[in-house]
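Hi,

Here is the structure I promised to pass on. Have a look at it first, and then read on for what turned up.

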Amino acid sequence: MLLGFARAGARPEPGARAEVRPVIDDLMVELVPVAVELGAELRVDPFAPCAVAASPGVLTASSPT
C-alpha cells in the first residue's frame, strides 16, 4: 500500500504521521476472525516502534487492482 502511494507520486499532508503498531493491531482485530475461519494463522513478529509520514488510512486503504 505504501509502495503504491509512493509510486503514485502522492504526498502526505504536512505533518501527517502514523504509528505503525496501532494500525497493525487494528488490522489483526479485523483479520484474525477471517483467518481462523479459513484455517490460517496470522502472526506479527516483534518490531521496533516506528512511524511513517502518512495518515493511518493510507496504511489500510485497498490498492486498486
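Is Arg43 buried or exposed? Arg43 counts as exposed, because its relative accessibility is 64%. Keep in mind that this is a predicted model, so every value here is computed from predicted coordinates.

First, the overall layout. The protein chain has 3 helices and 2 strands, and along the sequence they come in the order α-β-α-β-α. Of its 65 residues, 14% count as buried. The accessible surface is about 5,200 Å², with 60% of that belonging to carbon and sulfur atoms. If you look at contacts with a separation of 6 or more, 76% of them are between residues 24 or more positions apart.

Helix 2 runs over residues 20-38 and has 19 residues. From its first C-alpha to its last it reaches 26 Å, close to the 27 Å expected at 1.5 Å a residue. There is a bend in it, though: about 35° at Leu31, with a proline, Pro33, following within four residues. After the helix comes Gly39, which has a positive phi, near 80°.

Which residues of helix 2 are buried? They are Val20, Val23 and Ala35. These buried residues pack against strand 1 (18-19), strand 2 (51-52) and helix 3 (56-60).

Val32 also sits in helix 2, but Val32 counts as partly exposed because its relative accessibility is 33%. Together with Leu31, Val36 and Leu42, Val32 makes a nonpolar surface patch of about 310 Å².

Next, the charged pairs. How many salt bridges does the structure hold? There are 3.

- Arg17 and Glu19: their side chains meet at 3.0 Å, N to O. Arg17 is exposed, because its relative accessible area is 58%, while Glu19 counts as partly exposed at 35% relative accessibility.
- Arg21 and Asp25: the closest N and O atoms are 3.4 Å apart. The two residues are 4 apart in helix 2, so about one helical turn separates them. An α-helix has 3.6 residues a turn, so residues three or four places apart point the same way. Arg21 counts as partly exposed at 33% relative accessibility, and Asp25 counts as partly exposed at 36%.
- Arg43 and Asp45: here the closest N and O atoms are 3.1 Å apart.

Then go on to the salt bridge between Arg43 and Asp45.

Cheers

Note on methods. Residues numbered from 1 in each chain as written. Predicted model: local features only at pLDDT ≥ 70, side-chain atom pairs only at ≥ 80, totals over all residues. Heavy atoms only, no water. Patch = residues over 30% accessible without salt bridge, like charges linked within 9 Å, V, L, I, M, F, W, Y side chains within 5 Å. Areas by Shrake-Rupley, 256 points an atom, 1.4 Å probe, with all protein chains shown as cover. Salt bridge = Lys/Arg side-chain N within 4 Å of Asp/Glu carboxyl O. Buried < 20%, exposed > 50% of the residue type's maximum accessible area, 1.4 Å probe, protein only. Contact = heavy atoms within 4.5 Å. Expected span 1.5 Å × (residues − 1). Bend = angle between axes of the 7 residues up to and from the residue.
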